[in-house]
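Please look at the sequence and structure first.

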Amino acid sequence: MDQTPDPAAGPGTGRAVGVALAIVAGFAAALQSRVNGTLATETGTAFGTAALSFGSGLVLLTLALPFSRAGRSALGQVGAGLRRGGSSGGLRWWECLGGLGGAFYVMSQGLTVDALGVAVFTIALVAGQSVSSLVIDRLGLAPGGVRLVTVGRALGPVLTVVAVVVVSGAGAATAALGLALFPLVAGVLQSFQQALNGRVRAAVRPAGGGGRDGGVLAATFVSFLVGTAALLVVFGVSLAVDGAPTGSLPPDLLLYSGGLLGIVFIALQAAVVQRIGVLLLGLGMIAGQVVGALVLDVVSPAVAPPGAATYAGAALTLVAVAVPLLEGALRRHR
């Protein structure tokens, strides 16, 4: 791949739009966390909720495929690329495993959020995602090529972690931090998911830039297919070991929107990662998650209104996203 020392390829306007879409993806992820967390409590099974969330998304994508000629063509190219393997224009089998990262993320929420609290969960997630995204960009695993580590790109993750610590207050000191390994690993795997889904999308994009929507649909479908298969296996094992869940399916249809929300943020990731890189994608999503959580707390009558620390942390997160963007703009104008 080409070496590109600039933080992100492409015009500054396109990069800003890409980051804005990453923030939207983060908001969708925050809303999905709220929905899936409530559903897991109602059903009594984190594994079943994760499988249901991914499975419903896969069903929606399958229903959409007949209406997208570009999507069907792109999926055909994925199969052809896998048959070619590591040859020119081919896909290696491991490049299609991005869905495992999303599956582990959804599963780790149900397993640890009750014990850790949302703040500590997010701190561990951000730490894993921020550091790993720097490494992935430096190695050139994402389709945009190698992006060198600069002061601005290193400062962004640091400020993001500080922002989440500000929001959390003293919660990190009292939690059962051993469980934090789950969201820490989930953060690392999310960065790999973003990079691998981007590689699938790039591999099926025809020359000349056409078929962009088809590539996004194909990458999203492959991600949901792999994630659903893995979660069904895990859920089956949990049924064999622990027996049937003790809860029941709630009547509120909004609690089953996790799959649709997952489609939104996974598709947006696949669409913009090649332009802005894994680091800016991760920072944008973190900003969306923090601001999204803030908005959800404001509008939810069952949650205490956010305090000054929460607003300060959200503002600092947005600054963390802006720092690498401003550094890139300054480097281009020199």
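Y311 sits in helix α11, which spans residues 308–333. Helices here are DSSP runs of H or I with at least four residues, strands are runs of E with at least two, and both are numbered from the N terminus. Y311 counts as partly exposed because its relative accessibility is 42%; buried means under 20% relative accessible area, exposed over 50%, and partly exposed in between (1.4 Å probe, protein chains only).

The model is predicted: local features need pLDDT of at least 70, side-chain atom pairs count only at pLDDT 80 or more, and totals for chains, interfaces and linings use all residues. Residues are numbered from 1 along each chain as its sequence is written, and side-chain values use heavy atoms, with hydrogens and water left out.

Together with F27, V295, V298 and V299, Y311 makes a nonpolar surface patch of about 440 Å². Helix α10 gives the most to this patch, with three residues. Patch residues have over 30% relative accessible area and no salt bridge, and nonpolar side chains (Val, Leu, Ile, Met, Phe, Trp, Tyr) are joined within 5 Å. A salt bridge is a side-chain nitrogen of Lys or Arg within 4 Å of a carboxyl oxygen of Asp or Glu. Accessible areas come from the Shrake-Rupley method with a 1.4 Å probe.

Overall, the protein has eleven helices and zero strands. Of its 334 residues, 49% count as buried.

The structure also holds three cavities of 30 Å³ or more. A cavity is a set of points on a 1 Å grid over the protein atoms alone where a 1.4 Å probe fits but cannot get out; lining residues have an atom within 4 Å of a point. The volume is the space filled by probe spheres set on the points.

| Cavity | Volume |
|---|---|
| Largest cavity | about 50 Å³ |
| Second largest cavity | about 40 Å³ |

The lining of the largest cavity includes S33, N36, T49 and Q109. Helices α1 (12–43), α2 (46–64) and α4 (99–116) each supply at least two residues of this lining, and α1 gives the most, with four. By class, the lining has four nonpolar, six polar and no charged residues.

Around the second largest cavity, the lining residues include F54, Y105, Q190 and F265. Here α4, α8 (181–204) and α10 (258–299) each supply at least two residues, with α4 giving the most, three. This lining has five nonpolar, four polar and no charged residues.

Notes. 1 Å grid on protein atoms, 1.4 Å probe; cavity = no way out; pocket = protein on both sides within 12 Å on 5 of 7 lines; lining within 4 Å. Nonpolar A, V, L, I, M, F, W, Y, C, P; charged D, E, K, R; others polar. Patch = residues over 30% accessible without salt bridge, like charges linked within 9 Å, V, L, I, M, F, W, Y side chains within 5 Å.
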